[in-house]
Each structure stands twice: as C-alpha cells, then as structure tokens.
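Take a look at the model below.

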Amino acid sequence: MKLVQGKGASAGVAAGPILVKPAGRQPEIRLDTCLDPQQELKRLQAAQQQVIEILEGLKEKARQQVGEEEAGIFEVHQMMVQDPDLCDTITGLIQENHMTAEGAVREAGSQFAAMLEAMDDEYMQARGADVRAVCGQLEDALAQGGRSWTELLTQPSIICADDLTPSETLQLDKSLILGFVTSGGSANSHTAILARTMKIPAIVHTGITLDEDWNGTLGALDGGTGNFWLDPEPQVLEALKEKQQQHRAAEDALEQFRGKPTCTADGRTIALYGNIGQPEDIDLVLQNDGEGVGLFRSEFLYLGREDYPTEDELFEAYCTAAQELEGRKLIIRTLDIGADKKVGYFQLPEEENPALGFRAIRICLKRPEIFLTQLRAILRASAYGEVAVMFPMIVSVEEVKAARALLEQAAASLRAGGIPFDEKLEVGIMIETPAAAIISDDLAQYVDFFSIGTNDLTQYTLAVDRQNASLEELGKASHKAVLRLIDLTIRNGHAGGCWVGICGEAAADPELIPYFVAMGVDELSMSPGKILGARKLISTLRAE
C-alpha cells in the first residue's frame, strides 16, 4: 500500500480501478522548412475552425451538465484559438521561418505558455496550462485524428493525471468517473471547479510521479482529507466505506426538514433561498426545497455570446424563472460584468486591477442603453411573478439615485406603451464594499432591502485577492472586521426599514450561520444543495 497526501479539491470518497492518463508524449514534428507556406496557412485555418467547432460542442455540453459559469471555460479556449497575438506569432513562424503548421503551433504555444507561467500572479500562471491545452488541440486537428486517451475509460475508474484540461474532463463519461487525482493543479483549477460542480471526489497537487503500470490497480481517495491510496489495505477500504455510508445517512436525515418552514428554536422565521446563474437552475432550487431565489446572477445571460442579448431574450429568461418559481421570490442582480467575468463584445479597457475597476453598476451607469434594456426586461417579467431587482457594487448614495432614475425611465417607457409590470417592484442593493456597509444607514433611505455579498466584502475589507489561492487562509469572512461590517449593515438596514439578506459563500457556512442569526439576518441565499443542511442548523439556534 502507498499513501500520498495531496490537497482536497472536491469532497467525497471513492475506491476502484485506476486509469492513468498517458504521459504527454510529443510526437516528432518537423520544425524546419515547409514547401508551401500558403498551404500551411490554409491547414492552420482549417484546424482552427475545427477546434472552435469542437469547443462549441463542449461548451453546450458543459452548460447542460455543469452550468453556465463552468461552460465559460470553453469560451475562453475559443478566444485563445483566435487570439491575435498567438495567431500572428504562428503565422509569422510559417511565413518567415517556413515552419510547418504543427511546428509553428508548438513553438508559439511553448513561448506563450512559458511567458504566462513565469508571471508572479497565480491566475496568469494557470492560464499557461490553458494555452498548452489549446495548442495541443490544434496539433491534434492538424494531425487529423488519432485515438483520444479518453476512449480508454470503459469501466468505473479513478482518473490519475499530471493535470486535466477542461475539454478532457468534460469528454470523459461522467457515469464512469469515480474520482480525480492530479499531480499538479490547484483547488481553483478548472478541473477542480468542474469536479465540485459534478460532485465527483477530487485531489490535486499530490506531486506524485504517475506510472501507466498502475492501470487496473485498485486505488482509493478521500477528497475531504486529500489522501490517495495506491493498492489500499482492507481496513482503509472499510473506513472509507463507513465514511461514505455516514455521508449518505446524513443526507437522508435532512429529508425530514423538507417542506418545513425555516425557523429558529424560539420561533423566528428566516428565508432560505438559492443562488442561480440561469433559468435552468431553478430546478435545483426546487429540488432542494428552496423558498425562492436570492441571487440570479444575470450576467451569465451575457456570456457565451457574440453580441448583447435583446430585451425579449432577457425577458424570456426572467419570465421563465419567475413562472417556474410559482409565487416564490426571484431577486435579479443587474449585470455584474468586469473583474473576472470578461465579455469581448463589451470592449472593456484592459486594467491593472479589474476587481477595483470598471465593472458592475459602474458600467451600467456609463452605458445606460445596455442598462435600460435589462431594466425593461426585468420590469416586464415582474408581471409574471414575485420579482425584485438589486444593483451590485454600490459605493455611494449618488449611484443608487442614478440607478433608480434609470429604472423609473424604463418604467415610464413601459407605461407609455401599455405594457404591464409590478408598480411596487422591490428595489435593493448589494452591500459588498466597506464603503456601502459604513454608509448603510444613508443607503437604507433609498431602497427596500440589502443583500450582503460576503465574497467581495471580504476581499475588499481584508485587501486579499479572492482569486489568489496562496492567500486563501487570510481571506475569510469570519474575520472580526468583516463580521462587524455585516452586523453594522443589518442594524442600519433594520433601522431604516429594510430587510437584510446574505448571498455570499458565507451564507451557507455552518460556523457563521449562528452569528448571522444572532445579528438578526432576515434571509440567507446559497448554493441549492446547502439549503436543507442550513434549515436543520437554524432549527437548533435561538435568535434571542
């Protein structure tokens, strides 16, 4: 038996035969002169188109299986295939150095990946792996075939690899994946994110040297502890089996809370809502007995497109969600584009620190034509359900006034056209900056509710980049400074007549929920799968 310690990336346990991804053997590719550069350029263009079409298919498959946000990975890869700098470099190597298309792709890909991997920023380092993955797909297309290693997965197996690209992860038959174990990668890698979304146990950063002789050998992993066993002893398997049974029993026990109101032990009711990114996610909220949607991340309707969605397209999405909720509340956050959510057709400027730059409400107020289209769609949908709207990234009263003025402009245009909408539509704001928390007493005079976004509030309060894995231990919502801002916001909101909710990751944290209940929070919105567990915990707490 061999035990390897890695980093748990997706909780769960698994045991079964191992399948090792074959090592990246680079075939011999002639890098010297080609006979006809123009012919090589034509081959390159055909390969690029083929890869773009393959990625489009994977993107649609990802949308159906794991959601809009994770499908964005393949949109990024499509953009990389067409990246002007990368394409110019490849073309130059073909035209000026007379390289073959395969050789030029490999050479350019190596240069760009090495440049990214040499940067200090962990996020940019990880993009180096994306460049290698995309160029590898181009090489495969140029080679016109060859059996993919993913076809080797013919029985339920634990997949072991140096790392996995998003394309590889999605191409694998989910029903045959018992778990993932990688030598490299991080908890924030695309593989880890997809594994968590698909609820598949995963361990990353084991540093293990893989051997294809392991194929078929029994393996076991615990995605919670980061332990991976090669040829585990019977007692290890028995312990993992018991742990798996305990997990299933705990999930079954939560069923007794289905259909019950969310109340503390002393009778105070708290609303438990789900977070979604697209109308299709409503099913997850209802399956997990959510009482509504506390955060509809509407920006995902703008991703994976070549142009802005029309008012009718947005209306259809919002209306569908509102109707499927059958009277439950639907809170739509206006688009939060920018920072880590890039959309090419918005043509946003490059920024040194986009998290502190031109994003969210700042874009909407500077580009009112985009904002008015969305506001009209939200208002129209309010005629078909209990819809509310909230504005993100607020730092001043002036922003709220400006946003409300545009909302009234959209409402006036609908009235003039005789189009019905809810005249009493609830209007709220996200409290996700220290500035908003500190002046929440002033802001409460202009809105109906606050929703505290703990992810960004933590990042901005503690000066910790939420995308930087090496700072993970510093960026916790349990920090006293963050909790004090949350408490201040709740008190100021209530004093000003607002109800107050929390919709960040912390809303489902069992260590923080007791604090939020004691502070008097009115609503918690979380990943749908966490709702029943939160209801159980709240039932044991006393609000007073």
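F391 is buried, at 0% relative accessible area (buried means under 20%, exposed over 50%, partly exposed in between, with a 1.4 Å probe and protein chains only). F371 is buried too, with a relative accessible area of 0%. The two rings have centres 6.0 Å apart and planes at 70 degrees, so they pair edge-to-face. Rings of Phe, Tyr and Trp (its six-membered ring) pair if their centres lie within 6.5 Å; planes under 30 degrees apart are stacked, over 60 edge-to-face, the rest tilted. F371 sits in helix α12 and F391 in strand β12, so the pair ties together parts 20 residues apart in sequence. Helices (H or I, at least four residues) and strands (E, at least two) are DSSP runs, numbered from the N terminus.

This is a predicted model: local features need pLDDT of at least 70, side-chain atom pairs need 80 or more, and totals for chains, interfaces and linings use all residues. Residues are numbered from 1 along each chain as its sequence is written, and side-chain values use heavy atoms, without hydrogens and water.

How much of α12 is buried? Of its 14 residues, 10 are buried. Among them are I370, L375 and R380. The cover includes α10, β11, α11, β12 and α13.

Helix α10 spans residues 311-324 and holds E311. E311 touches T373, R376, A377 and R380, leaving out residues up to four places away in sequence (contact means heavy atoms within 4.5 Å). R380 also lies over the face of F315, 4.1 Å from the ring centre. For this, NZ of Lys or CZ of Arg must be within 6 Å of the ring centre and within 35 degrees of the ring normal.
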